[in-house]
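Here is a friendly note to read alongside the model. Please keep the view open as you go through the points.

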Amino acid sequence: MDVQVPLIALIPNYVLAALMYTLLGRFILSFMFPPDSKNYIFRAFVRLTDPVLALVRPITPAAVPHLVLLVFAAIWILVARIVLTVAAASALQAA
């Protein structure tokens with residue numbers, strides 16, 4: 001199966017992948033820095049991932065601690081990437 005995937009179909013997957021790896025990076029950095037750290041790299045990770053966590057928090061049980069929420073968010077994004085890839089492949093085969 002040799003299908004040319006248009007770039008417009010790949011961009012959302014790349015954006016979701018960047019968010020997923022940023023969440024995992026924040027998860028790892030959370031073991032090295034306190035939550036209110038002044039480290040600019042950690043603050044950048046926090047700034048990029050807080051909107052994603054705000055979206056994931058309502059669909060995640062409240063008993064889940066903040067650190068585990070980062071992993072849940074990465075898993076949700078992985079699921080979204082898989083759904084997006086399957087949908088794009090189905091659309092390309094139908095065309």
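**Notes on the helices and their contacts**

1. Let us start with valine 5. Apart from neighbours within four places in sequence, valine 5 is in contact with Leu10 and Leu92, where contact means heavy atoms within 4.5 Å. Valine 5 sits in the segment before H1. The helices named in this note (H or I, at least four residues) are DSSP runs, as strands (E, at least two) would be, and they are numbered from the N terminus. Valine 5 is partly exposed, because its relative accessible area is 38%; buried means under 20% relative accessible area, exposed over 50%, and partly exposed in between (1.4 Å probe, protein chains only). Along the chain, valine 5 and alanine 89 are 84 residues apart, yet their C-alpha atoms are separated by 8.3 Å.

2. A word on the model before going further. This is a predicted model, in which local features need pLDDT of at least 70 and side-chain atom pairs count only at pLDDT 80 or more, while totals for chains, interfaces and linings use all residues. Residues are numbered from 1 along each chain as its sequence is written, and side-chain values use heavy atoms, with hydrogens and water left out.

3. Next, the annotation. An unreviewed UniProt entry places the feature "transmembrane region" at residues 6–28 and 66–92; UniProt positions follow the numbering used here, feature names are shortened, and annotations may be inferred rather than shown by experiment. In the model, residues 6–28 are 96% helix and 0% strand, with end C-alpha atoms 34 Å apart. For residues 66–92 the figures are 100% helix and 0% strand, and the end C-alpha atoms lie 39 Å apart.

4. How do H1 and H3 pack, by axis distance and crossing angle? The axes of H1 and helix H3 (residues 66–94) come within 9 Å and cross at roughly 165°. Axes here are lines fitted to C-alpha atoms, for helices over the stretch in contact, and angles run from 0 to 180 degrees between N-to-C directions. H1 is therefore roughly antiparallel to H3; angles under 35 degrees count as roughly parallel, over 145 as roughly antiparallel, 65 to 115 as roughly perpendicular and the rest as oblique. On the H1 side, the contact includes Pro12, Asn13, Leu16, Ala17 and Arg26, and on the H3 side it includes His66, Leu70, Ala73, Ile77 and Arg81. H1 passes H3 in a left-handed crossing, a term for the near helix being turned anticlockwise from the far one by less than a right angle (right-handed if clockwise).

5. Arginine 81 is buried, because its relative accessible area is 18%. Its side chain is joined to that of asparagine 13 by a polar contact of 2.7 Å. A polar contact is a pair of N or O atoms within 3.5 Å; within protein, one must be able to donate a hydrogen and the other to accept it, and residues adjacent in sequence count only if both atoms are side-chain atoms. Leaving aside neighbours within four places in sequence, arginine 81 touches Asn13, Leu16, Ala17 and Met20.

6. Is arginine 26 buried or exposed? Arginine 26 counts as buried because its relative accessibility is 6%. This residue belongs to helix H1 (residues 7–29). The side chains of arginine 26 and histidine 66 make a polar contact at 3.2 Å. Not counting residues up to four places away in sequence, the residues that arginine 26 touches include Phe42, Phe45, Asp50, His66 and Leu70.

7. Now for H2. H1 and H2 pack at an angle of about 125°, with axes 9 Å apart, which means that H1 is oblique to H2. This crossing of H1 past H2 is left-handed. Among the residues that meet are Leu19, Thr22 and Arg26 in H1 and Phe42, Phe45 and Asp50 in H2.

8. The remaining pair is H2 and H3, whose axes come within 10 Å and cross at roughly 85°. H2 and H3 are therefore roughly perpendicular to each other. Val52, Leu53 and Val56 of H2 make this contact with His66, Leu69, Leu70, Ala73, Trp76 and Ile77 of H3.

9. Alanine 44 is in helix H2 (residues 40–56) and is partly exposed, with a relative accessible area of 37%. Alanine 94 lies in helix H3 and counts as exposed at 70% relative accessibility.
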